[in-house]
There are 2 protein chains.
Amino acid sequence: MQEITIVKVGGKVVETPESLQELLNDFVALPGLKILVHGGGRSATKIAAQLGVETKMVEGRRITDLETLKVVTMVYAGLVNKNIVASLQAKGANAVGLTGADLNLIKAVKRPVKDIDYGYVGDVESVQVNELMDLINKSVVPVVAPLTHDGQGNMLNTNADTMASALASALAKHYDVNLVYCFEKKGVLSNPDDDDAVIETLTHSLFKEHQKTGVIIEGMIPKLDNGFNALENGVKKVNITNTQGLKDGLNSGTLLKTE
Amino acid sequence: MQEITIVKVGGKVVETPESLQELLNDFVALPGLKILVHGGGRSATKIAAQLGVETKMVEGRRITDLETLKVVTMVYAGLVNKNIVASLQAKGANAVGLTGADLNLIKAVKRPVKDIDYGYVGDVESVQVNELMDLINKSVVPVVAPLTHDGQGNMLNTNADTMASALASALAKHYDVNLVYCFEKKGVLSNPDDDDAVIETLTHSLFKEHQKTGVIIEGMIPKLDNGFNALENGVKKVNITNTQGLKDGLNSGTLLKTE
C-alpha cells in the first residue's frame with residue numbers, strides 16, 4: 001500500500017506567523033502523500049473576545065453555544081484554514097481546505113448532554129473518504145479544519161486530535177498511514193517540568209499506568225487516547241513530537257506501540 | 001458536451017436564513033451538474049462593525065485593508081460558505097466549499113493602485129479547473145466563496161460576479177455552461193422604480209446604449225460586463241433573474257444575447 005502522512009498541528013505552532021511558515025516548510029518537505037489537520041483555539045478565543053462572545057472551557061474543552069459556533073466556523077474554516085491553504089499553494093503544494101461538512105468527510109452527532117452541555121460539539125460518527133482519496137491520489141494536500149457537520153445542516157465543533165485519528169483510521173484501510181501529533185513539546189514527558197524527559201515509546205498499558213500514577217495528565221490524555229485508537233484501527237505508526245521531529249523524519253518524540 | 005449550471009447568489013438572498021434555505025432547495029432541484037458562487041457582503045459589514053473594523057466602500061467596492069481581509073476571509077470562507085455547505089449536505093447534495101486558493105482554482109493579482117488603493121483586492125489572472133472537474137464529474141457540488149489568492153501566500157478579496165464569470169468561461173471549453181446571476185430583482189430593469197419593467201433580452205450594444213442614457217446604472221454595470229464577458233468566452237447562456245427565476249427553469253429574467 002502507498003504511504004500517507006497525516007500531521008496534526010495545534011497550539012502556538014499554527015497561530016504564530018513565523019512558526020507556522022517554518023512548520024509548513026517542514027510539512028511540504030515530507031516525502032509522499034500527506035494531510036494536515038489543524039487547530040486554532042487561541043485565535044478563536046481572541047476573536048470571540050473581540051466580538052464580545054464569552055469563552056467557557058470545561059476540562060480544556062470549549063463550550064460551544066450558537067455564537068461560539070459562528071466564531072469557530074469563521075476562525076477555523078476561514079481565517080486559519082485559508083491562511084494555511086494560501087501559504088501551501090505558495091510553497092508549491094496544491095492544498096484544499098476542508099471541514100467535515102465538505103465532501104461529507106466527517107459526520108458527527110451533537111454530544112448528548114450528561115453532566116455538562118457542551119453545546120454544538122460533535123462526536124465523530126462516520127468518515128467518508130472516497131472523494132478525499134481521489135484528490136490525495138492526484139497529490140492534492142487536504143488541510144482539515146476541526147469542524148464536522150450533523151447531516152441536518154449544522155456545523156459542529158470537533159476536537160482536531162480526534163479528527164486526525166478518525167481520518168487516519170478510515171484511511172488505514174487504503175494506505176500505510178503515519179499519524180503525527182505535532183505540538184510544542186518534544187514528546188510525551190515523564191516529568192512535566194523537564195522538557196527533555198521524553199518518553200520514547202509508550203504502550204497502551206504503560207500509558208494507563210502513567211495516567212493512574214499522575215505522570216501523564218490533562219491535555220495529553222485525550223491526545224493519547226486518540227493516538228492509541230488510531231493504532232488499534234490499523235494505523236501503521238503514531239508519534240507525538242514537535243516541529244523539530246517533523247524535520248527529523250518522524251522518528252523522534254514519543255512513539256506509540258502496540259503491546 | 002455535458003451541461004453545467006453555475007448559479008451566483010448574493011445580496012439578502014444568501015444572508016437571510018429563510019430565503020437561503022428556499023434558494024438552496026431550488027438550487028438542489030436544478031437538473032444536472034452545478035456550481036454555486038456566493039457573496040456575503042452584508043455579513044462581512046456586520047462582523048467588521050462588531051470587531052471595530054471600519055467598512056469603506058468606493059463605487060460599491062469594498063476597500064480591503066489587512067484587517068478587512070481577515071474579516072472577509074472569516075465570513076466568506078468560514079461562516080457563509082460552511083453554512084451553505086452543511087445545508088446542501090442536509091439536502092442530499094455532496095457540496096465542497098472552495099475559495100480561489102483551494103486547488104489553486106483562481107489565482108489573482110493584487111489590484112494595481114491608480115486613483116484608488118483597493119488594498120487586498122484581486123483581479124483574476126488564471127483559472128485552473130482540472131481537479132474541480134474531477135469533483136464535478138462525480139456529482140460533487142462546489143460552493144465557491146468570493147476570495148482568490150496571489151500565489152505568494154496571500155488571500156485576496158474578489159468580486160463574486162467576476163469569479164462566477166471566470167469559472168464559467170474556463171469551464172465553457174469542457175461543458176455547455178449556463179450562468180445565472182440570481183439577485184433580488186426579477187431581472188435587469190428598464191425603470192429602477194418598476195420591479196416589473198424587466199428587459200427580457202439584452203445584447204451588448206443595447207446594454208452600452210442603456211448605459212449611456214442612464215437606464216442601466218451602478219451595480220448592474222459590472223454584473224453585465226461580467227455576463228457579456230462570459231458569453232464572449234463561449235458560455236452558452238447567461239441570464240439575470242431572482243429565486244423565482246431559478247424555479248422557472250432559467251428562462252425568466254433578462255437573457256443576455258450575442259448581437
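Biologist: Of the contacts in chain A with a separation of 6 or more, what percentage comes from residues 24 or more positions apart?

Modeller: Keep in mind that this is a predicted model. Chain A has 9 helices and 14 strands. Counting contacts with a separation of 6 or more in chain A, the share from residues 24 or more positions apart is 72%.

Biologist: What radius of gyration does chain A have, next to that of a compact globule?

Modeller: The C-alpha trace of chain A spans about 45 × 40 × 35 Å along its principal axes, and 53% of its 259 residues are buried. A compact globule of 259 residues would come out near 18 Å, so the value for chain A agrees with that: 17 Å.

Biologist: Which strands stand at the edges of the open sheet in chain A?

Modeller: The sheet has 8 strands with mixed pairing, in the order E5-E8-E2-E1-E11-E13-E14-E12 (chain A). An edge strand here has a single partner, so one side of it is left without a neighbour in the sheet; in chain A that applies to E5 and E12 (201–203). From one strand to the next, the twist averages 20°. So the edge strands of chain A are E5 and E12.

Biologist: Which helix packs on that sheet, touching E2, E5 and E8 of chain A?

Modeller: Inside the sheet, E1 (residues 3–9) and E2 (residues 33–38) of chain A pair in the parallel sense over 6 bridges, with A:Thr5 having A:Lys34 as its bridge partner in E2(A). The helix that touches E2, E5 and E8 of chain A makes about 170° with the direction of E5(A). That helix is H4 (residues 66–90) of chain A.

Biologist: Let's stay with E5(A). Are its faces covered or open, and which residues sit on them?

Modeller: E5(A) pairs with E8 (residues 141–144) of chain A in the parallel sense over 4 bridges, and A:Val96 stands opposite A:Pro142 in E8(A). As for the faces, both are covered, with buried residues on each. One side has A:Ala95 and A:Gly97, and the other has A:Val96 and A:Leu98.

Biologist: Which residues touch the most other members of the largest nonpolar core?

Modeller: That core has 168 residues. To see one set of contacts, leave out residues up to four places away in sequence: A:Leu167 then touches A:Ile6, A:Ile35, A:Val37, A:Val127 and A:Val144. The residues that touch the most other members are A:Leu167 and B:Leu167.

Biologist: Which helix lies across E1, E2, E8 and E11 of chain B?

Modeller: The open sheet of chain B has 8 strands in the order E5-E8-E2-E1-E11-E13-E14-E12, and its pairing is mixed. Neighbouring strands there are turned by 20° against each other on average, direction ignored. The helix in question runs at about 170° to E1(B). That helix is H6 (residues 160–171) of chain B.

Biologist: Last one: which element gives the largest share of the side of chain B that touches chain A?

Modeller: The contact takes 35 residues from chain B and 36 residues from chain A. On the side of chain B, the elements that give two or more residues are H4 (66–90), E5 (95–98), H5 (130–136) and E9 (147–149). By class, that side has 15 nonpolar, 14 polar and 6 charged residues. The largest share, 13 residues, comes from H4(B).

Methods
Residues are numbered from 1 along each chain as its sequence is written. Chains are lettered from A and ligands numbered from 1 in the order in which they are written. This is a predicted model: local features need pLDDT of at least 70, side-chain atom pairs count only at pLDDT 80 or more; totals for chains, interfaces and linings use all residues. Two residues are in contact if their C-beta atoms, placed from the backbone, lie within 7 Å. Ala, Val, Leu, Ile, Met, Phe, Trp, Tyr, Cys and Pro count as nonpolar, Asp, Glu, Lys and Arg as charged, and the others, Gly among them, as polar. Two strands pair if DSSP finds at least two bridges between them. Axes are lines fitted to C-alpha atoms, for helices over the stretch in contact, and angles run from 0 to 180 degrees between N-to-C directions. A nonpolar core is a set of buried Ala, Val, Leu, Ile, Met, Phe, Trp, Tyr and Cys residues joined through C-beta atoms within 7 Å. A residue is buried if 20 or more other C-beta atoms lie within 10 Å of its own, exposed if 12 or fewer, and partly exposed in between; C-beta atoms are placed from the backbone. The radius of gyration is taken over C-alpha atoms; the globule rule is 2.2 Å times the number of residues to the power 0.38.
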